[in-house]
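Open the model in your viewer and keep the selection panel at hand.

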Amino acid sequence: MSVVNQDQDGEDARPRGRTVRPPSWFGGEDEAPAARGGMFVEVVVNRAFDQALTYHAPRKLVAGIRPGVRVRVPLGKRGGLVTGYCVSIGLLPPEGLDPARIKDVAEVLDAVPLIDARMLELTRWMAGYYLCSWGQALDAVVPAGVRKQAGTRIGTFLTVPEDARRAWLDGSLEKTLTAKQAAVLDVLCQPDGGMLTVSDVCRRARCGSGVVDGLRKDGVIHTVKRRLSLEDSRKEEPDDAPPPASAESPTPPPTKPKLLLTPEQQKGLDALAPALQGDGFAPFLIFGVTGSGKTEVYLSAIEQVVARGREAIVLVPEISLTPQTIRRFRRRFKKVAVLHSHLSDVERHRHWRSIAQGEVDVVVGARSAIFAPTRRLGLIVVDEEHESTFKQESVPRYHARDVAVKRAQLEGVPVLLGSATPSLESWANAERGRYVKVDMPSRVEGRPMPAVELIDLRHEKNMTGGLSDSLRNAMHQALDDGGQVILLLNRRGYNTFVICPKCGDVVKCRHCDVAATFHKGRRLLICHMCDAERACPPACPSCNAAVLHYGGIGTERLEREVLMEFPFHAARRMDSDTMRRHGSHEEALAAFKAGDVRILLGTQMIAKGLDFPNVTLVGVVDADVALHLPDFRAAERTFQLVAQVAGRTGRGDRPGRVFVQTYSPESPAILHAARHDYESFVTQELPQRAGGLASPYGRIVRLVARGRDEGRVKGYLDELAATLRARAEASVRFLGPCPAPVLKIKEEFRFHLQLRCATAPPLRALLRDLSSPPAPPKVELAVDVDPVSML
Ligand SMILES: Nc1ncnc2c1ncn2[C@@H]1O[C@H](COP(=O)(O)OP(=O)(O)OP(=O)(O)O)[C@@H](O)[C@H]1O
Ligand SMILES: [Zn+2]
């Protein structure tokens with residue numbers, strides 16, 4: 001039970017409206033603060049500015065204040081209270097600061113620190129690296145549910161003050177009380193009477209609450225308010241609270257014996273062994289083709305670490321948090337916490353507490369699980385390390401893989417980055433000797449990689465509904481042979497654009513500068529940027545021509561084609577339109593696993609990580625979707641997507657086939673993906689990056705200004721760019737400012753500026769302070785370090 005407010009009684013009795021003592025500026029009439037027995041604390045608040053602020057903790061708060069607890073402190077001219085994190089404590093104020101001008105901490109919010117010293121260090125690194133404030137980084141680390149103490153509540157308890165207790169014990173008090181009042185005192189002065197609510201006391205003393213009220217008015221008993229811990233809050237309100245989301249999941253009985261590692265897996269594990277047994281930072285890149293059994297290596301590595309009494313954090317992309325993945329961990333470890341984005345605040349708080357209390361061995365989760373408050377971390381694993389979803393697209397714009405490497409370094413533990421298609425950044429780090437590369441070049445059980453055929457769409461005559469004759473025939477064959485089929489089309493909706501054949505205008509979203517997508521099921525045009533809907537216009541909005549042409553194929557249209565062509569085989573579409581409901585993802589994958597669904601079609605959510613042995617055919621309906629985006633990673637993304645989806649087949653006893661439909665069969669990304677040849681792709685792609693100082697040869701910071709007034713946004717970014725140019729070292733290269741590839745989103749115009757440099761320090765020095773010129777009203781500036789999205 002954590003005590004937040006030990007003030008006896010008073011709390012309730014105080015006249016309403018009286019607030020906490022106003023922040024005091026130490027005036028001349030007071031003694032020096034240190035002389036009053038206080039301490040000086042550095043506090044970080046969630047504001048855009050970077051420094052920690054110094055406050056004075058008065059003597060009564062000193063006992064409860066420690067680095068990592070949250071405090072309420074006055075901020076600004078009016079001294080309104082804000083919440084911040086105490087990051088350090090000292091007896092003396094920082095040099096040069098007039099102690100007389102230091103304000104008081106008003107309240108300490110946490111009984112135990114929410115973050116430890118290493119997390120403080122990690123967040124400070126994040127602030128410096130990602131050019132955000134320390135407070136913003138701290139708030140990202142501690143989940144909202146923990147900050148709000150979701151699931152706990154404040155209870156009111158009765159106590160007997162010391163003088164009354166003595167009077168009760170020597171019998172002098174009893175004479176002045178009625179029988180019922182005496183019964184109440186009797187209950188409260190019992191050894192277990194320390195933490196009872198009014199209703200507890202009334203029940204035990206068999207009296208009404210009026211008796212208690214009378215005693216309170218007479219000052220014989222007092223009330224205290226205390227925040228109940230999660231567990232006690234639950235005990236107090238059994239009907240109110242949801243059943244505990246157990247961090248310790250019921251462990252399903254092991255249905256399969258543990259796999260015997262293949263020689264290649266064993267070799268990989270042997271390469272990790274010294275690091276797993278040692279105490280030091282050791283980063284590895286596990287480069288293993290699809291189906292090489294990387295997960296098995298992670299599991300064995302984690303076993304070694306858990307056997308030493310340490311904990312492991314495993315990061316996976318959110319879409320890979322499938323029941324299949326979770327089962328694989330739960331079969332092997334008793335105490336697994338799964339952190340996914342559907343957790344309620346209360347569930348997240350419970351997981352967080354049980355991890356912090358050392359009750360969990362393995363934390364499996366998406367991006368933010370990298371901040372899990374483990375006590376004796378022994379290993380971090382980042383699976384599918386190339387996935388762009390590890391990057392957070394709001395402040396702090398961190399990349400969980402890179403934070404994982406930093407955290408491993410600070411905690412002195414090994415970190416495993418695994419992928420069949422590593423990011424070029426990680427690959428370059430391995431080449432430069434920063435990471436140790438562990439190769440797993442073949443599939444388990446000697447299974448061959450699937451044969452890939454490229455279908456050149458320029459020569460295909462008979463394309464309906466997105467399927468070429470060859471792909472169609474291959475599907476028939478695979479299904480007739482009892483196999484299952486995966487079809488990837490990374491574009492949802494029915495038609496991807498609506499165009500006027502007369503004037504050539506495309507119907508756009510009313511709020512964004514993008515073509516609206518036709519969703520036939522809903523008979524609407526929908527914007528994929530802002531989700532705004534509009535009715536299908538009866539005529540061209542620009543020239544009023546009566547007939548509009550609907551073109552471009554999305555998953556909804558593909559589904560219709562598949563249903564018509566294969567009416568006797570159950571098909572399922574998986575995209576964010578059909579998978580809205582919580583649990584629908586699991587349900588669809590279960591039906592596919594059971595063989596009830598024979599054709600699985602969808603967007604990238606079906607392309608990665610799935611392990612279904614009966615899939616004998618994969619079709620990539622349009623490999624070019626991302627190939628021509630204005631983004632230096634377009635080729636890399638295309639390669640990864642095609643190689644990953646191709647890897648979903650041939651994972652069982654039967655060989656797999658892959659058909660890739662493309663208009664660019666000579667493009668290196670597609671050609672090398674078809675040959676499962678990562679290294680040739682990289683060899684070809686890296687030199688393209690070097691010249692432009694693109695990552696991994698250069699560090700990039702992208703500044704995006706946005707606002708409703710186009711001229712103002714443009715003017716501001718131009719001015720900012722000019723200011724920065726004047727200050728920048730010669731080694732910093734400027735790209736822009738110019739309109740962002742998507743000029744307008746949700747009525748806001750966007751301009752961007754990229755700064756590139758071979759090393760990070762000149763960029764950081766340049767961008768630390770972006771306060772001048774100040775952004776005009778209603779213009780926002782986003783600073784994105786190591787940007788992943790360029791649109
Ligand atoms: N030693 C082994 N013996 C037999 N089967 C194994 C062994 N190791 C792994 N497997 C099986 O091989 C399949 C692929 O393994 P896993 O999912 O770990 O591959 P992966 O390298 O993570 O692939 P991907 O990158 O494509 O997701 C799984 O079904 C797994 O159960
Ligand atoms: Zn829109």
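Select helix 22 together with strand 26 (699-707), strand 27 (733-745) and strand 28 (748-757): the buried residues of the helix pack against these strands. Helices (H or I, at least four residues) and strands (E, at least two) are DSSP runs, numbered from the N terminus; contact requires C-beta atoms, placed from the backbone, within 7 Å.

This is a predicted model, in which local features need pLDDT of at least 70 and side-chain atom pairs count only at pLDDT 80 or more, while totals for chains, interfaces and linings use all residues. Residues are numbered from 1 along each chain as its sequence is written, and chains are lettered from A and ligands numbered from 1 in the order in which they are written.

Next, colour V713, Y716, L717, L720 and A721, the buried residues of helix 22 (buried: 20 or more other C-beta atoms within 10 Å of the residue's own; exposed: 12 or fewer; partly exposed in between; C-beta atoms placed from the backbone). Looking down the helix axis, these buried residues fall within an arc of 135°, so they line one face; the arc is taken over directions from the axis to the C-beta atoms. On the face turned away, pick out the exposed G711, A722 and A726.

Now select domain 3 (263-445) and domain 4 (451-492 + 554-688): both give residues to the shell around ligand 1, so the ligand lies between them. Domain bounds come from an automatic or database domain assignment. Helix 11 (residues 294-307) supplies the largest share of that shell, 3 residues.

Methods
Two residues are in contact if their C-beta atoms, placed from the backbone, lie within 7 Å.
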